[in-house]
Structures are given as structure tokens and as C-alpha cells.
Amino acid sequence: MNNTIELAIQGNKAAQTAIVNDYSERIYNLGLHFLKNEQDAEDLLQETFIKVFDNLDKFQGKSGLYTWIYRIATNIALMKLRKGKREILVDDFMENYDFPEVHRHAHSGEIPSPLIAILNDELKRELSAALERIPEKYKTVFILRDVENLSTREAAEVLSITENNVKVRLKRARTYLREELCNYFENCKSA
Amino acid sequence: MVRKFSHNDVDKLCQYLGDDLSDEKCEEIKREVNNCPDCNVILNEVKGTIELYRKALPQKSVPDSVINRLKIILQLPE
């Protein structure tokens, strides 16, 4: 365990400030990505660090500090998401979806890179809506791995699932989102 | 002699690409994918999808006011 963590556990304000400064941006963005608004992201940030400092003496250094903090933040974000959120009933669909047409668009051309540059508000709304349609367990893995750039091992630690589970969920999320995206572009073409 | 993946192998493996791109297995797959035009298209679609989502969910700086409120709550110096 490094010195900053040990000092923070002892109540050293400078060390605690250093931890806040190091991780605030990541946690705030995690909140924005999960919860979609700035007030909820701020609440998440505050609740996360209150919990971090209340429990820092229990941090054993088995994982990295930032994985541990992410775990706390992700759990709080998921609790907030579950509160009052309508149940999305596509979970069974995702579980049983074997992606039989994964090559359906193989000859329609890749998503053209210039589109990335002209990502407009309508497309952003479409992407956001598509992400909202996937069940939480897939969305969580997608955000942690592909948006927050955690490794498979880190995402597994944060979510307390196996690395293989992370891979399976990520594969399903990506394939579903890719199909949604392809559908969107096809609609655009036919418009 | 270099082992060639069957098309079925590559189908499955392409879906995993973008996973841990530095994995040795993935590196091998990427080399093989270059010999498979369809797989290359799929790989690029997966990469494009991830890239689009990253752009749609951008990283933002934490506003100073948010940091200040956090530090007040945590009783930390500004």
C-alpha cells in the first residue's frame, strides 16, 4: 500500500485531497455516463468519496485503489439507477440472442469514419437511447470497458464477476449496439 | 506453416475483437483477420461502434464549483 493511502487512512488532509484530485474526474464522468445528468453525477461523486474515506481503513490493497473506488462508485450508481427506474424487459432477449446475423452488414461497408467526425445531436440521442435499451448488466460492462477504458480484469473486480462473464456481456452489448447503429444508418439511407 | 483459422473461428473471434486488444490471442487474430476481408469489415464496424459511443459519451472536466462543494463536505482544504 502506498504512502498516500496510509496517510489518508490516518486522516492526513493533504493525502486525502490528493486522492480526491486524482479520482474526481473519473468518478464524475462515470456518474455522467450512468446517470445522464450533472446533479446526479455530483451526488455520486460526493457519496462515493464519503464512503471511500469512511472505509479506507478496510482497503487491503489487493486491487488498485482506483479499481476499489470505481467499485464503490459503480455500486452507488447502480443503486441510483435502480431506484424508480422502469424495468427493461429485454434481458431474456439478450440472454437468448445468438446474433445469427452478425454478418448481415458485412458487405454493406463499415461505419464510415467521417461519420465519427460529424457525430451530430440526433445520432448522439440515438446512441444514448440504444444504450438505455440494453439491460443494466450489459450496459454496465460496456461503460466500464469501452467508455471508461477499464481492463477486463479491472471490470471483473469492480463488478465481482468473472473475467469470462465480462467478455460475454461485453460481446453481447457490442453486438447489440452495433446492430442498432447499423439499423440507424440504414434508416438514414432510406430517408 | 502458419495455421489458418476457419471462417467459423474468425466469425467467433471477430466478435471478441476490441476486447483486450493487446492480448496475444487478439494480436494473432488481428494478423489473421487481414486475410479475411469480411472479418476486416466486421472488425472495423465494432471499432467504429465503440468509437462513436465514446464520442457520444465524452469525458468532461469537473466544474470547480462541484470540486469545492465536495471538499467542503469532506472537510478538506481547497
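Modeller: Happy to! The residue after α2(A) is A:K36, and its phi is positive, near 75 degrees. Keep in mind that this is a predicted model.

Let's go back along α2(A) itself, which covers residues 13-35 of chain A. At its N-terminal end sits a cap: A:N12 places a side-chain oxygen 3.0 Å from the backbone nitrogen of A:A14. Further along, the helix bends by about 45 degrees at A:Y23.

Now for the neighbours. Two packed helices are described by the angle between their axes and the distance between the axes. For α2(A) and α3(A), the angle is about 140 degrees and the axes are 8 Å apart. The two helices are therefore oblique to each other, and their crossing is right-handed. On the α2(A) side, the contact includes A:I19, A:Y23, A:I27 and A:L35, so you meet A:Y23 again, the residue where α2(A) bends. From α3(A), the residues taking part include A:E38, A:L44, A:L45 and A:F49. By class, this contact divides into 13 nonpolar, four polar and three charged residues.

Helix α3(A), residues 38-55, has another partner in its own chain: α4(A), residues 65-82. Their axes come within 9 Å and cross at roughly 130 degrees, which means that α3(A) is oblique to α4(A). This crossing is right-handed too. Among the residues that meet here are A:L44, A:E47 and A:K51 in α3(A), with A:W68, A:I72 and A:I76 in α4(A). The contact has eight nonpolar, two polar and four charged residues.

Finally, α3(A) reaches across to chain B. Its axis and that of α4(B), residues 64-73, come within 10 Å and cross at roughly 30 degrees. That makes this pair roughly parallel, and the crossing is right-handed. The α3(A) residues here are A:E42, A:L45, A:Q46, A:F49 and A:I50, and they touch B:V66, B:R69, B:L70 and B:I73 of α4(B). By class, there are six nonpolar, one polar and two charged residues.

Terms used
Residues are numbered from 1 along each chain as its sequence is written. Chains are lettered from A and ligands numbered from 1 in the order in which they are written. This is a predicted model: local features need pLDDT of at least 70, side-chain atom pairs count only at pLDDT 80 or more; totals for chains, interfaces and linings use all residues. Side-chain values use heavy atoms; hydrogens and water are left out. The bend at a residue is the angle between axes fitted to the seven residues ending there and the seven starting there. Helices (H or I, at least four residues) and strands (E, at least two) are DSSP runs, numbered from the N terminus. A polar contact is a pair of N or O atoms within 3.5 Å; within protein, one must be able to donate a hydrogen and the other to accept it, and residues adjacent in sequence count only if both atoms are side-chain atoms. Axes are lines fitted to C-alpha atoms, for helices over the stretch in contact, and angles run from 0 to 180 degrees between N-to-C directions. Angles under 35 degrees count as roughly parallel, over 145 as roughly antiparallel, 65 to 115 as roughly perpendicular and the rest as oblique. A crossing is left-handed if the near helix is turned anticlockwise from the far one by less than a right angle, and right-handed if clockwise. Contact means heavy atoms within 4.5 Å. Ala, Val, Leu, Ile, Met, Phe, Trp, Tyr, Cys and Pro count as nonpolar, Asp, Glu, Lys and Arg as charged, and the others, Gly among them, as polar.
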